[in-house]
Amino acid sequence: MPIDEASQRLADVRARIVRAAKTAGRAADAVTLIAISKTHDAGTIAPLIAAGQRVFGENRVQEAEGKWPKLREATSGIALHLVGQLQSNKAEDAVALFDAIHSVDRPSLVQALARAMDKAGKRPACFLQVNIGDEEQKGGCAVAELPALLAEARAADLPVQGLMCVPPLDLEAAPYFALLAKIARDHGLGGLSMGMSGDFETAVTIGATHVRVGTALFGARA
Ligand SMILES: *Cc1c(COP(=O)(O)O)cnc(C)c1O
């Protein structure tokens, strides 16, 4: 992707965030845009970095390890967020590479991350992922299990910043975003990681602090 196209796409997404925030009476700088670069190679990502984007997200530890160390060497100030499911045996690798982990969804992973963070002396921000539509075969803890998971994460000294969700496909996202926002409020959590290319403006009006946008920035994935 040429740099001017990357700049254009980035400016467009940022403008839409600003508009949505304004509609809701929120400050646009309360929203962090995470550019989801999964499946895209370094050559596709570099123009977006050149255009000024610094916060990126990946869904696989191994894929991220393959491309980010080099990209980070070339530009300082890059933050990397993990937004995909994490196996406990990859916890150390994830803690080493990422600045935030959005997919903390079960007690065994809380414990693996706590051990990895103690060992590394580094504590990436954590979001607890909630299966907000209570769907079969979807990542995230059940809504009913969230209080216990949060208590466990806090007891293990994970820096829990907020909640994350991916609402059911093909359904209106707003009610699910609103439910996640309410659960976060009820538990004194300020961070809300919600909203993707198809619904990030809706998420911003409902309080998202982190939107995860891939397609609108990079085009369709292969
Ligand atoms: C891929 C992905 C995104 C980005 O999706 P787009 O629709 O391409 O914006 C956001 N969040 C998660 C968890 C993802 O896996």
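Student: How many helices and how many strands does the protein chain have?

Tutor: This is a predicted model, in which local features need pLDDT of at least 70 and side-chain atom pairs count only at pLDDT 80 or more, while totals for chains, interfaces and linings use all residues. Residues are numbered from 1 along each chain as its sequence is written, and side-chain values use heavy atoms, with hydrogens and water left out. Helices (H or I, at least four residues) and strands (E, at least two) are DSSP runs, numbered from the N terminus. On that basis the protein chain has nine helices and nine strands.

Student: What radius of gyration does the protein chain have, and why does it agree with a compact globule?

Tutor: The radius of gyration is taken over C-alpha atoms, and the globule rule is 2.2 Å times the number of residues to the power 0.38. The C-alpha atoms fill a box of roughly 45 × 40 × 30 Å, taken along the principal axes. Because a compact globule with 222 residues would have a radius near 17 Å, there is agreement with the chain's own value, 17 Å.

Student: Is Asn131 buried or exposed?

Tutor: Asn131 is found in strand E5, which covers residues 125–131. Not counting residues up to four places away in sequence, Asn131 touches Lys138, Gly139, Gly140, Cys141 and Val143, where contact means heavy atoms within 4.5 Å. Buried means under 20% relative accessible area, exposed over 50%, and partly exposed in between (1.4 Å probe, protein chains only). Because its relative accessibility is 7%, Asn131 counts as buried.

Student: Is Gln62 buried or exposed?

Tutor: Gln62 is found in helix H3, and its C-alpha atom is separated by 21 Å from that of Lys138, 76 residues apart along the chain. At 59% relative accessibility, Gln62 therefore counts as exposed.

Student: Which residues lie closest to the centre of the largest pocket?

Tutor: A pocket, on a 1 Å grid over the protein atoms alone, is an open set of points where a 1.4 Å probe fits, with protein on both sides within 12 Å along at least five of seven lines, and lining residues have an atom within 4 Å of a point. About 580 Å³ of space lies in the largest pocket. Of the 24 residues that line the largest pocket, the closest to its centre are Lys38, Asn59, Val83, Gly84 and Gln85.

Student: Which helix gives the largest share of the lining of the largest pocket?

Tutor: The share in question amounts to three residues. The helix that supplies them spans residues 61–74 and is H3.

Definitions and conventions. Points joined across faces, edges and corners; volume = space filled by probe spheres on them.
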